[in-house]
Amino acid sequence: MAGELEALIDEMKKARKIFVITGAGVSAESGVPTFRGKDGLWRNYDAMQLATPEAFERDPVLVWEWYLWRRSLIAEAEPNPAHKILASWEERYPDFLIATQNVDRLHQRAGNRHVEEIHGNIWETRCTRTGQVYSPEEKEVRGDHLPPESPAGGLLRPNVVWFGEILPTGPLERINSFLSSSNPNVCFVIGTSALFYYIQSWAVTVKMRGGLLVEVNPDTTPLSEISDFHLEKPAAPALALIDSLVSGSTPDS
Ligand code: BV8
């Protein structure tokens, strides 16, 4: 395997700018269910049915119970080695950014500071009337007061992006300026089914401009056939292998 990765390892050794796109798979080894995996089910509901404005409109209590259940899982979860290696890479590379679809904040808990949450995060809430965003400290949601109301009297919702909603402009602008100021040497796409066109377009843009495209995923996705490297492994062992080869800490494996 190491021999096949030689070109990637050489590039990583001299790289200055790394772009990382992550999805639910990077948190799988922390015990957080992925969206489309079998463990993503909850009371026989498919996540795709619940993560929509229509579901919230129809039954805000049910949707809040799902989010409180996910919060309880995430609260128990710890950053896994994949998160920790990405945090160490932010220290190593002068220009480093993670665009994550995950709402669990495990990248930040691992130590990454340059993280753009393109689908929001599960801990904040937002008033459906005023758009005011509340941090967990400001507005704690409890199961005995569902659906929660904001001080303005509007329903409070999780501050995440649901299916059918547009992405927050702040993260999009920062990602686009990161990609356009100079092309990353390497783009990693880790633990995502890569179904959203914006995920595919960021990855393809880096590749078309001469960067290496590396996919880390036990499965194949729409990006697999155009990736320069596809490590068909879980994120933690895959990143540990790359990290060890780049830092020269273990013999070729
Ligand atoms: C948009 C936050 C335009 C919430 C999520 C109306 C209804 C339905 C759809 C639409 C609609 N209107 C428009 C749409 C289109 C829709 C769309 O594209 N659908 C797809 C499916 C075709 N898109 C949207 O609605 C998006 N909005 O496009 O607006 C726009 C865009 C930009 C600028 C302006 C306008 C918004 C979608 C956001 C939905 N919210 N989450 C919450 O979390 O509660 S999406 C949800 O899916 C999560 O964020 C998740 O991260 C994301 C993507 O899934 P993945 O992360 O890839 O997770 P998944 O389970 O799918 O895959 C896990 C992968 O990991 C697998 O490949 C697996 O093999 C791998 N894996 C497993 N274990 C490991 C592993 N890999 C490594 N290591 C392991 N151990």
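Ser-181 is exposed, its relative accessible area being 56%. The structure is a predicted model. Thr-52, by contrast, counts as buried, at 12% relative accessibility. Two helices of the model, helix 6 and helix 10, have axes that come within 8 Å.

**Ser-181**

- Ser-181 lies in helix 8, which spans residues 169-181.
- Because its relative accessible area of 56% is over the 50% cut-off, Ser-181 is classed as exposed.
- The side chain of Ser-181 forms a polar contact with the side chain of Lys-17, at 2.9 Å.
- Between the C-alpha atoms of Ser-181 and Arg-43 there are 46 Å, the two residues being 138 residues apart along the chain.

**Thr-52**

- Thr-52 is placed in the loop that runs between helix 3 (47-50) and helix 4 (53-58).
- Its relative accessibility of 12% is under the 20% cut-off, and Thr-52 therefore counts as buried.
- When neighbours within four places in sequence are set aside, Thr-52 is in contact with Trp-162 and Phe-163.

**Helix 6 and helix 10**

- Two packed helices are described by the angle between their axes and by the distance between those axes.
- The axes of helix 6 (residues 81-92) and helix 10 (residues 235-247) come within 8 Å and cross at roughly 35°.
- This crossing of helix 6 and helix 10 is left-handed.
- From helix 6, Pro-81, Ala-82, Ile-85, Leu-86, Trp-89 and Arg-92 take part in the contact; they meet Ala-235, Ala-236, Leu-239, Ala-240, Ile-242, Asp-243, Val-246 and Ser-247 of helix 10.
- By class, this contact of helix 6 with helix 10 comprises 11 nonpolar, 1 polar and 2 charged residues.

Technical notes: Residues numbered from 1 in each chain as written. Predicted model: local features only at pLDDT ≥ 70, side-chain atom pairs only at ≥ 80, totals over all residues. Heavy atoms only, no water. Axes fitted to C-alpha atoms, helices over the stretch in contact; angles between N-to-C directions. Helix = DSSP H or I, 4+ residues; strand = E, 2+ residues; numbered from the N terminus. Left-handed = near helix turned anticlockwise from the far one by under 90°. Contact = heavy atoms within 4.5 Å. Nonpolar A, V, L, I, M, F, W, Y, C, P; charged D, E, K, R; others polar. Buried < 20%, exposed > 50% of the residue type's maximum accessible area, 1.4 Å probe, protein only. Polar contact = N/O pair within 3.5 Å; in protein donor to acceptor, adjacent residues only side chain to side chain.
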